[in-house]
Amino acid sequence: MGTFVVNSNNFTSNSHYISLKSKDAIADYFMHKYKKRPNVDLKYPDVKIHIHIHKEWLTISLDSSGESLHKRGYRSATNIAPINEVLAAGLLLLSGYKGEENFIDPMCGSGTILIEAAMIANQIPANINRKHFAFENWNDYDEDLYFIIQDSLLKKIRSSHFKIMGFDKAPSAVRKAQQNIINANLDEFIGVHHVNFFNSKKEVFGKTTILFNPPYGERLNIDVEEFYRKIGDTLKNNYPNSTAWLITSDIQALKFVGLRTSKRIPLKNADLDCRFVKYELYEGSKKEKKNSSFNDEEE
Ligand SMILES: C[S@@+](CC[C@H](N)C(=O)[O-])C[C@H]1O[C@@H](n2cnc3c(N)ncnc32)[C@H](O)[C@@H]1O
């Protein structure tokens with residue numbers, strides 16, 4: 001008989017008790033039906049069961065992934081505020097980025113957004129290097145089907161010829177990003193430079209997506225008003241013909257950017273309420289016309 005584990009997260013103090021009662025109920029069921037108790041294995045169980053309680057709703061799920069999907073395996077080096085890998089991938093997909101234009105993360109930290117962007121651009125399946133999924137332990141797991149699906153995804157991998165670039169003003173962040181990019185085997189596709197974004201200008205030709213998570217006021221020591229104003233000025237003056245996206249939990253700070261958002265998407269980053277906002281940056285007369293009245297709407 002296989003082993004199992006029950007985890008629960010219900011954001012209250014009794015989640016351990018809930019796991020314990022559920023585990024007993026499952027063990028009793030098997031005892032009653034098969035006269036055998038399945039063993040609990042906290043580290044390497046055959047089956048993982050997850051219980052989630054939200055208000056009056058209780059959801060019991062079989063965990064098909066096992067180890068959390070954000071653990072892609074490339075991030076050995078992190079800085080003080082790395083973004084979660086799956087959040088980075090989700091933001092890129094939400095922005096509509098498909099890898100068919102240049103890409104810049106102007107405050108790239110440990111390089112997570114750059115790596116996820118390069119994976120999208122090259123159509124590399126997320127978690128391709130993962131050794132194991134929990135569903136491989138299930139009775140109805142079809143290994144042949146798994147390899148057919150894996151093969152068909154691997155055949156879609158392509159080599160993107162668009163530029164993917166990261167900047168950071170901290171040399172330590174640049175080093176960390178470079179190390180993580182090497183770990184992900186993507187150094188052929190991504191360049192990381194020691195650059196202060198506020199002194200930079202667009203040096204790539206053609207349409208460009210800029211996407212980043214600037215430092216959050218409460219996490220990093222910055223003058224929020226001046227910092228966000230410089231973000232707006234740099235984007236407006238130095239990055240024409242680009243689409244810029246940024247995510248921040250400092251919702252009030254967005255008004256200092258001084259550009260009109262063309263989208264504002266409410267999101268959670270862990271327990272922080274955030275906005276993921278979009279700015280269209282035009283060239284020439286369109287830019288002047290638009291920017292003359294730019295001012296972000298108040299929330
Ligand atoms: C919240 S972190 C980004 C985290 C990153 N997405 C990751 O996954 O590691 C913000 C980064 O912005 C960098 N930064 C702050 N001001 C900057 C500037 N003016 N130019 C370039 N980078 C800057 C910081 O050094 C820090 O690494």
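Predicted model: local features only at pLDDT ≥ 70, side-chain atom pairs only at ≥ 80, totals over all residues.
Strand S6 belongs to an open sheet of seven strands with mixed pairing, in the order S7-S6-S5-S8-S9-S11-S10. Strand S7 (190–194) and strand S10 (263–269) form the edges of this sheet, each pairing on one side only. On average, and with direction ignored, neighbouring strands are turned by 20 degrees against each other. Helix H3 lies across strand S5 (102–105), S6, S7 and strand S8 (208–212), and runs at about 180 degrees to S6. Elsewhere in the sheet, strand S9 (residues 242–248) pairs with strand S11 (residues 272–281) in the antiparallel sense over seven bridges; Thr243 stands opposite Glu280 in S11.

Another open sheet has four strands, ordered S2-S1-S3-S4, again with mixed pairing. Strand S2 (39–40) and strand S4 (57–62) each have a single partner strand, so one side of each is left without a neighbour in the sheet. Strand S1 (residues 3–9) and strand S3 (residues 47–54) pair in the parallel sense over six bridges, and Ile51 in S3 is the bridge partner of Ser8. Helix H1 (residues 15–34) lies across S1, S2 and S3, at about 145 degrees to S1.

Notes: Residues numbered from 1 in each chain as written. Pairing = 2+ DSSP bridges. Helix = DSSP H or I, 4+ residues; strand = E, 2+ residues; numbered from the N terminus. Contact = placed C-beta atoms within 7 Å. Axes fitted to C-alpha atoms, helices over the stretch in contact; angles between N-to-C directions.
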